[in-house]
Amino acid sequence: TMHNCALKDAGAVHLASLITAGWGVQDLDLGFNEISDGGFSALGECLSSPNNKITRLQLRINRSRNDGAKAIAAGMVSPHCCLEWLSVSSNVIGTQGIRALLEAVVNCQTIANMDISGQKEAVWSEDDFAQGAKKLAAHLSDRKTPLRVDASGIEGMGNASAVVDCGAVATEFSAKQKCSAVCLQDAFHLLKGLGAEVSREQLDAAMAGIGSGTGSAPSWLLEGGMRSKGVYISRLELSITKDRIEDFLESEADASVQEIVMCQDRAMKSPNGTCFVLFKDQASVDKAVALYHKGSAAIYGSPFIICSLDMLIQEGGQGGSAEADMAARAREEEERKKQERSMADALHDTAMEKQKNQKAAYGGSDMGMSQANAVGR
């Protein structure tokens, strides 16, 4: 190990020449040094040498940029490369270097762990980065050997990171945008795969009842035709209102919302961070789910989960109950908005009356009242 030895390019070039000449080192730690592109290029060349025996290469916290990273990537695809573990984290590698390393993984069957996280140079071309991400993503399902890539902490990757984010590749996508957790959709898929139906009683037990009551799951869940136009949203901040959710879905997903049913905690009788949304058409469902998978489902910076209602439920025997419940909820919503408008009007009237009294107290003069307020400040 030559960790934290103030090693520069000349020292790295000399080490690379020794390895090329037959020095059989397997674990080489050159982290926390001052090696830039020249040293990285020499090390990349030695990875392709017939005498190369390096299986673990630590190069974190150095000064390499794109050229050095591309040289390491070129060495990785050599038939003589036997690298199993590589870290180039916390360098100054930009878009082209990151792309080259991601693409090199596709043709390097020995590599099991690669850390490219925390680069000081931001990704300036998201489209360019996306090309490397797409190649790696296409390769993951066919790969026969274990793989772990850490690409977190790189600014500018944007939604392109969603292409490759998975159990094998870590990016900022899951950490900052998408909720990576088991959700109701997973249960739906499992039940449908088993051919199992959910009964009304089971659904009622899982929710705070079914019907038009406050906090209850909507009865349209029991009708397949309407259920196909609905989604379930979870992990919402408790302060988020249905009006804010509707505005978000219509503006960000270009979806047409018919109604939103906020669910409640059974015991506390308060919002539990979940809701059901019924859209006016199937296209709106697809848009909303696509927005979530793109990593853009977030309100006030807090991500949430959107899943379609892809499940088998025993159809209800009470014809017309869904429409009746929706009508009842619509009346409740109209009454709620009417009360809010009334409260707003009352507050406005109170403020106007207070201003009128203050004006009268100063002889009806706006200037006199302004001067009095200035003195008060």
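**Ground rules.** I am working with a predicted model, where local features need pLDDT of at least 70, side-chain atom pairs count only at pLDDT 80 or more, and totals for chains, interfaces and linings use all residues. Residues are numbered from 1 along each chain as its sequence is written, and side-chain values use heavy atoms, with hydrogens and water left out.

**Cysteines.** I looked for disulfides, meaning a pair of cysteine sulfur atoms within 2.5 Å. The count is zero. I checked Cys-275: its closest cysteine sulfur is in Cys-263, 6.9 Å away, too far for a bond. I then checked burial (buried is under 20% relative accessible area, exposed over 50%, partly exposed in between; 1.4 Å probe, protein chains only). Cys-275 is buried at 0%. Cys-307 is buried too, at 3%.

**Helix α3.** I took helices (H or I, at least four residues) and strands (E, at least two) as DSSP runs, numbered from the N terminus. Helix α3 covers residues 66-76, and its buried residues include Gly-68, Ile-72 and Met-76. What do the buried residues of α3 pack against? I found α2 (37-47), β2 (56-58), β3 (85-87), α4 (95-106) and β4 (113-115), with contact meaning heavy atoms within 4.5 Å.

**The sheet.** I traced an open, antiparallel sheet of four strands, ordered β8-β9-β7-β12. Strands β8 (257-264) and β12 (305-308) are at the edges, each with a single partner, so one side of each has no neighbour in the sheet. Strands pair if DSSP finds at least two bridges between them. Strand β7 (residues 230-234) pairs with β12 over four bridges. Ser-234 stands opposite Ile-305 in β12.
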